[in-house]
Each structure stands twice: as structure tokens, then as C-alpha cells.
Amino acid sequence: MSKTLPVRTALALACAFAIQGVAAQTIPVKDEAYPAGPIQVNVDATNLQQRIMRISQDIPVQPGKLTLLYPAWLPGNHSPRGPIDKIAGIKFTANGKPLVWKRDPLDVFAFNLDVPAGVSNIKAEFQYMTPTDSGQGRVVMTPSMLNLQWNAVLLYPAGYAQSKILFNPSVKYPSGWGAGTALDVASKQGDTVIYKQVPLEVLADSPVYAGRHYKQILLSEPGQKPVRLNVVADEAKYLETKPEHIEQHKELLRQAKKLYASEHYDHYDFLLSLSTQMAGNGLEHQRSSENGQELGYFKDWDKKTGSDDLLPHEMTHSWNGKYRRPDGQMVGNFNTPLDDGLLWVYEGQTQYWGNVLAARSGLRPMERSRDTLASVVAYYTDGATGLGWRNVQDTTYDPVIASRRPKPYRNYQLSEDYYSAGQLIWLGADALIREKTGNKKSLDTFAAAFFGKNDGQWETPLGYNFDEVVSTLNSIVPMDWGTWLKDRLEGRVSFANTIEDTGWKLVYKETPTDAAKASARESGRGDFVYSLGITTDRAGKIGDTRWDSPAFNAGIGTGMTVVAVNDVEYTADVLNDAITAAKTSKTPIRLTVKDFNRFRTIDVPYYGGKRYPHLEQIKGKTDYLTPIFSKK
């Protein structure tokens with residue numbers, strides 16, 4: 001006897017039998033509009049206690065097979081790090097009835113469904129379980145603030161370009177909170193903000209910083225494209241600013257516009273968090289940037305100490321990495337792998353300009369800028385021991401190789417060295433151009449020519465490749481730039497003499513620079529890299545051991561804890577005193593170390609005294625470094 005199944009059960013079974021695991025990578029991306037219409041995405045970000053965001057999406061569809069993707073490759077992460085592990089409670093319904101879904105067996109970021117006949121819209125619901133501890137990932141929700149990254153809270157249909165899928169986004173914020181984002185507000189309904197319709201590419205590139213304690217500061221002048229500094233803080237008192245410090249941020253904008261001879265945004269929003277709870281963030285976007293700083297960024301600001309280069313670095317990416325991006329990163333959607341081979345331009349030159357703009361704007365004083373550079377020069381002259389087996393070009397693949405996990409012997413294994421080693425490559429190029437043109441041209445000339453194209457354009461990125469980099473340099477100073485760059489990228493030329501091309505040289509002294517002293521005070525880090533060959537935290541735990549250093553050769557390894565120095569309880573000062581004494585006594589330094597649950601005493605025969613890197617001007621050579629760092 002036949003039996004009629006309930007409609008809901010029949011629909012679920014039909015979907016279960018029909019769904020097939022088709023690899024999302026095989027679905028071609030068509031450069032045409034998603035035909036079913038705009039997608040609605042609603043985020044409820046009010047559950048601060050449990051740190052859970054609730055998401056619902058209304059997705060217009062057509063009957064048949066449907067693959068929905070969770071973004072995996074976000075520009076700036078340089079690897080497939082979309083937080084797919086943080087979403088839970090996934091549920092799809094059509095006309096109020098459940099739809100069966102199946103994760104793609106070859107792509108965990110893809111979900112396969114069958115859309116029944118007669119269905120024109122499906123609802124997707126899930127939760128984004130944000131990290132409750134830094135060990136789970138970067139904390140993005142606290143009692144006082146939140147960081148909403150749209151790529152973490154949406155699904156989108158496979159097969160269509162990210163620039164051709166439209167979204168209508170909205171967010172329900174905790175009552176009374178302020179929010180900063182590059183998105184434009186369409187309307188407000190109570191605590192819910194409805195943003196204007198944007199393509200997926202723009203939405204995923206427009207994060208939100210919201211907070212109980214929020215302040216917006218206008219940095220641009222009347223009549224200019226708006227540039228705003230949106231600040232959230234753990235407590236209201238940390239939002240208090242000093243006029244001179246704000247003027248430096250305004251000068252940053254002026255210097256950036258001069259350097260790049262263009263603005264590739266209709267408005268720009270710095271998103272800045274001042275927090276001990278939601279910290280460590282820094283990510284670039286076309287019309288905004290995510291920046292995390294210490295609580296006292298404004299409150300404790302001192303002109304002599306200055307600020308760091310985070311904001312100049314991330315803003316530079318509006319030109320380099322976002323509007324202009326490597327050809328290998330001009331992809332159709334957020335689930336297509338990115339080619340990281342030109343990160344020494346994307347990140348390396350951005351690292352260079354971030355430091356330069358910090359100096360030119362006054363955010364970092366001239367002397368501190370030189371001191372900060374000294375540590376980079378020392379590392380790639382004497383510290384990065386891995387350059388003996390691995391070149392800078394190979395490190396561009398490290399975001400995928402290591403997924404940005406810590407390494408036990410970073411100096412030997414190397415990591416994402418395309419940042420700071422790339423910075424030195426571009427410093428050398430700047431000095432060379434200045435030398436060959438009698439200081440009439442510089443890398444500034446390159447920046448204006450390379451990044452200044454199509455002033456005002458931002459919606460459509462413009463790609464570049466190695467050949468264009470070389471041809472632009474050749475248009476400034478004709479020479480074999482291709483070989484010059486590859487020699488440094490591929491390890492045929494060392495970085496040892498790069499700084500001397502600027503008219504300065506690396507020297508070691510027994511006292512650290514003021515910048516190094518400030519860093520040590522803030523972090524509690526003991527810096528013995530260029531003497532014994534180790535770094536330590538406040539408790540004496542060794543964070544890195546320089547390969548083939550006196551400490552390494554004596555048997556000391558990363559992860560051990562120094563508990564005593566010459567039988568005296570460890571502090572950084574005690575170890576420094578022992579290093580000084582050994583220089584005269586020629587007696588090995590006796591370190592008692594804890595290695596898991598075992599204690600050992602290790603003698604380190606080092607007699608070279610304390611060594612801290614400094615830059616010193618070379619008499620008789622032209623100084624190019626000062627004009628590089630000077631305000632334009």
C-alpha cells in the first residue's frame with residue numbers, strides 16, 4: 001500500500017538524493033551579473049556576552065543545482081584563511097521548508113544544494129562564533145567594541161564575478177553604539193543600520209568598527225574627498241586627543257596625496273581600535289583600513305617618542321595592493337587562489353613607504369625613523385641567517401606554507417621576509433635613482449608614475465606585473481632593473497651594503513637606541529640578538545635563538561627559559577651585567593635554563609660585550625636618507 005509522505009519530508013529527501021559533490025573549483029567564473037537579483041544579508045551583532053553574531057541571508061535563486069561559497073582568499077591575508085571553522089548552525093530553507101545541503105568534498109568552503117522547481121528565494125541562517133580567546137584567533141567582539149568583517153558572515157553563489165553580485169547589507173548593533181565603515185548608510189531603524197547596495201567585492205572590502213566609546217575625526221579639508229579617523233576604545237578617556245598629534249595624521253594624508261599623485265577612493269575611513277582586548281589587527285582595504293593600537297595611542301602620545309607606521313602602511317595599500325594589484329591577484333572571486341609572487345612589491349614597497357610616510361608626516365620623528373631602520377638593516381645584515389639557504393622571493397609563498405603560524409627558529413627558517421627585506425630592496429632602489437640623477441629624481445617619481453594612474457578611479461582595480469615594474473623604473477633611470485631586482489630577490493646580492501648606498505652605515509654600540517629602549521619597556525623583551533644570540537620575555541623565556549650564534553652553539557634553544565645567570569635569578573639587567581663582565585674576565589657566562597621539567601646549566605663562551613645596532617653617517621658620502629625621510 002502506497003503512502004504519501006509529508007511535503008516537508010519529501011522535499012528534504014528529494015534534495016538529499018539530488019545533491020552531488022561537484023568541486024567548486026571546476027565552476028567557471030562568468031563576468032556577468034548574477035541573474036537572480038541582489039542578496040540580502042542581515043547581521044545581529046548584539047550578543048556581546050557570548051560573542052556570537054547571528055546571520056540571515058535572503059538569496060534569490062533559480063531552480064537547479066546551486067553552490068554557495070564562503071570566502072576563503074581575502075586580499076591582504078595572502079592565503080586561504082577565511083574563518084570557515086567559526087561558522088555553525090547552518091540551515092537553508094525554501095518557502096519555509098528545509099533544504100538539505102552537502103559540503104563539497106574537495107572544497108570545504110563550498111556548500112552544494114538542489115533548488116526545487118518553483119523556488120525563487122532561499123533563506124540561509126547560521127552563527128559566526130567569534131573567538132572567545134586569542135588562542136582561537138583574533139578577538140573581534142568585546143564588551144566595548146566589535147570588528148565586523150563581511151567576508152566572515154556571508155555566503156555567495158559560485159560561478160559569478162564578485163564585482164557582479166549585489167548585496168543589501170544591514171547590521172543590528174548594541175544600543176547606543178557608534179560605527180565606522182566605508183559603506184554608505186541608506187537608513188536606520190532603531191539599532192539596525194541599513195547600508196546602501198554594493199557589489200560583493202566592495203562589501204567584503206568594507207569592514208566595520210563599532211563601539212560603546214566611538215569618535216570620528218575629520219582629517220581632510222573642506223572641499224576635499226572626505227578622509228575620516230574612526231576610533232573605538234575600551235574606555236571613553238582613551239578617545240581624548242591632542243591637536244598636534246591630530247595634525248600629524250592630517251599631514252599623513254597630505255604627504256600620501258603628494259607621493260601618489262592621486263586618490264583612489266571617493267572617501268576613506270581609518271578604522272582604529274584602542275584596546276587591550278581587541279588588539280593586533282591591521283588589514284588593508286580600498287577605502288578603509290583596520291588598525292589596532294595600544295590604549296595610550298592618543299592619551300600617552302609624546303612627540304619625541306612618536307607613533308608607529310601602522311596607519312601609513314595600511315593607507316598606502318589603497319594605492320598598492322588594492323587599486324593597483326599584481327596580475328596574479330586579479331581574480332574573479334574570493335575562492336580563487338591568489339598568486340603571491342609579487343608580494344615584495346605589494347607588501348615590500350608598502351613597508352618602505354609606510355616608514356617613509358611616518359617620518360614625513362611627523363608621526364615618527366627623524367631620529368626614531370633612523371633607529372627603527374637600524375634594526376631592519378642589522379637583521380638582514382647579521383640576523384636573518386636563513387638567507388644562506390632561502391631567498392626573499394621564496395618567502396612570498398610563506399603565508400600559504402606556514403599560514404602565519406609562529407616558527408621556532410624564525411631567523412633561520414625565515415618567514416614573510418618580503419616585507420622588511422622588500423623594504424631594503426626599495427630603499428636601495430631609491431638611493432640608486434637619487435645618485436644617478438643627482439637627487440633630481442627618486443622613488444617618489446616611480447610612485448607618482450606607477451600608482452598615480454587614473455586619479456579618482458577606485459571601483460575597477462588595475463593590475464601590474466614584473467615587466468611593468470621594470471619598465472616604469474627604466475623610464476626614470478634607464479638601466480638593467482630586471483637583473484638588479486632579481487639579484488636581490490634571488491639571493492645573488494646581499495643586503496649588507498644597502499644602507500651604505502644612502503650615506504649611512506651599520507654600527508654596533510653597547511647601548512640600545514631610544515627606539516629599542518622604548519620597545520623593551522613596552523614589551524619586557526630582552527634583546528641579546530647580536531651578542532649571545534637570543535631574545536627573552538620578562539620571565540626569561542627564549543623567543544628566538546639565532547642560528548649559529550654563541551648561545552645556539554652552546555646548546556641553547558628556542559622555548560627554553562633562562563632562570564639564572566651566574567647563579568643569580570634572571571632579569572634582563574642581570575644578563576646584561578654578565579655580558580659586560582665576561583668581556584673583561586673572559587669567563588663563560590653560566591646560564592641555568594629550564595627545558596620542560598628539566599634544569600640544565602650551560603656555559604656560553606661569549607666575550608664580545610653588549611651589541612645594539614645603530615646607523616652612523618659616513619663622512620664624505622652624500623646623505624640620501626635624510627631627504628628620503630624629510631617632509632615634502
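## A quick tour of the fold

Among contacts in the protein chain (heavy atoms within 4.5 Å) between residues at least 6 apart in sequence, 73% join residues at least 24 apart. This is a predicted model, where local features need pLDDT of at least 70, side-chain atom pairs count only at pLDDT 80 or more, and totals for chains, interfaces and linings use all residues. Residues are numbered from 1 along each chain as its sequence is written, and side-chain values use heavy atoms, leaving out hydrogens and water.

**Overall build**
- You'll find 18 helices and 32 strands in the protein chain; these are DSSP runs, with helices (H or I) of at least four residues and strands (E) of at least two, numbered from the N terminus.
- Along its principal axes, the C-alpha trace spans about 100 × 60 × 50 Å.
- Of the chain's 632 residues, 56% count as buried, meaning under 20% relative accessible area with a 1.4 Å probe, protein chains only.

**Aromatic rings**
- The structure holds 26 aromatic pairs: rings of Phe, Tyr and Trp (its six-membered ring) pair if their centres lie within 6.5 Å, and planes under 30 degrees apart count as stacked.
- Take Trp344 and Trp426: their ring centres are 5.9 Å apart and their planes sit at 15 degrees, so the pair is stacked.
- That pair links distant parts of the chain, with Trp344 in helix H5 (residues 343–346) and Trp426 in helix H11 (residues 420–436), 82 residues apart.
- Trp344 and Trp426 are both buried.
- Ring pairs also tie residues into a cluster, whose members include Tyr260, Trp319, Trp344, Trp426 and Phe466.

Note on methods
Buried means under 20% relative accessible area, exposed over 50%, partly exposed in between (1.4 Å probe, protein chains only). Rings of Phe, Tyr and Trp (its six-membered ring) pair if their centres lie within 6.5 Å; planes under 30 degrees apart count as stacked, over 60 as edge-to-face and the rest as tilted.
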